[in-house]
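This briefing concerns the fold, the surface and selected local features of one protein model.

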Amino acid sequence: MATGEQQRQEKRRRRRARQQELLPEEVLDKHPLQNRWALWFFKNDKSKMWQANLRLVTKFSTVEDFWALYSHIQPASKLSSGCDYSLFKDGIEPMWEDSQNKRGGRWLVTLSKQQRHTELDHFWLDTLLCLIGEMFDEYSDEVCGAVINIRTKGDKIAIWTREAENQEGVTHIGRVYKEHLGLSQKVTIGYQAHADTATKSSSLPNAKFVL
């Protein structure tokens with residue numbers, strides 16, 4: 001019978017194999033993804049309502065269409081301050097109020113201003129590949145999407161999940177995500193429930209879970 005460590009190694013091996021499948025290939029047959037995804041763009045125009053600043057860019061459902069999109073959009077590091085990219089499963093809008101988001105929360109990675117030019121694009125691409133590659137094993141269904149916020153004080157990347165009270169699923173997603181980003185044990189990431197974020201006056205409420 002496999003030990004716990006052997007099972008973890010086998011899960012890591014499967015995730016690596018799935019990542020390999022996501023690498024672009026010059027082939028005629030397209031490789032379908034498990035889910036259809038929608039890319040959104042937000043530009044902060046203070047003369048408009050928040051939702052008026054949010055625009056659906058496109059939807060895709062194959063590996064090849066993802067790479068075609070990724071290679072044609074502006075890298076996150078080149079966006080102006082106040083802009084966001086969001087990638088969510090089709091049918092879920094990138095806002096707390098969406099019925100599939102409102103009971104959930106987010107794993108938040110905060111980056112320094114210096115990291116925008118060294119690690120931001122790499123972290124965002126790894127985040128996207130985690131999503132479309134369903135890298136979170138049996139908890140991939142818990143994932144709603146991901147958001148990158150470009151801000152003057154420091155950029156943020158977050159993976160949104162649908163149920164903040166699902167501690168087992170949330171912590172598994174966080175561990176896998178941290179591993180895929182290659183973050184050291186010294187770096188901590190926190191999980192914030194959307195309900196807490198919405199009611200706190202501070203932009204950074206207390207984390208519900210920390211890894």
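The points below move from the overall fold to single residues.

The model is predicted: local features require pLDDT of at least 70 and side-chain atom pairs pLDDT 80 or more, while totals for chains, interfaces and linings use all residues. Residues are numbered from 1 along each chain as its sequence is written, and side-chain values use heavy atoms, without hydrogens and water.

**Fold and dimensions**

- The protein contains five helices and eight strands, where helices (H or I, at least four residues) and strands (E, at least two) are DSSP runs numbered from the N terminus.
- Read from the N terminus, the order of elements is α-β-β-α-β-β-α-β-β-α-β-α-β.
- The radius of gyration is 17 Å, which agrees with the value near 17 Å for a compact globule of 211 residues; the calculation is over C-alpha atoms, and the globule rule is 2.2 Å times the number of residues to the power 0.38.
- Along the principal axes, the C-alpha atoms occupy a box of roughly 60 × 45 × 35 Å.
- Of the contacts between residues at least 6 apart in sequence, 70% connect residues at least 24 apart, a contact being heavy atoms within 4.5 Å.

**Burial, surface and charge**

- Buried residues make up 47% of the 211; buried means under 20% relative accessible area, exposed over 50%, and partly exposed in between (1.4 Å probe, protein chains only).

**Aromatic pairs**

- The structure holds eight aromatic pairs, defined by ring centres of Phe, Tyr and Trp (its six-membered ring) within 6.5 Å, with planes under 30 degrees apart stacked, over 60 edge-to-face and the rest tilted.
- One of them joins Phe60 and Phe66 in a tilted arrangement, at 5.7 Å centre to centre and 50° between the planes.
- Phe60 counts as buried because its relative accessibility is 3%, and Phe66 is likewise buried at 3%.
- Ring pairs connect Phe60, Phe66, Trp67 and Tyr70 into a cluster.

**Loop between H3 and S5**

- Glu134 lies in the loop between helix H3 (120-132) and strand S5 (143-149); this residue has a positive phi of about 50° although it is not a glycine.
- Glu134 is buried, with a relative accessible area of 7%.
- Asp137 is found in the loop between H3 and S5, and its phi is positive, about 55°, although Asp137 is not a glycine.
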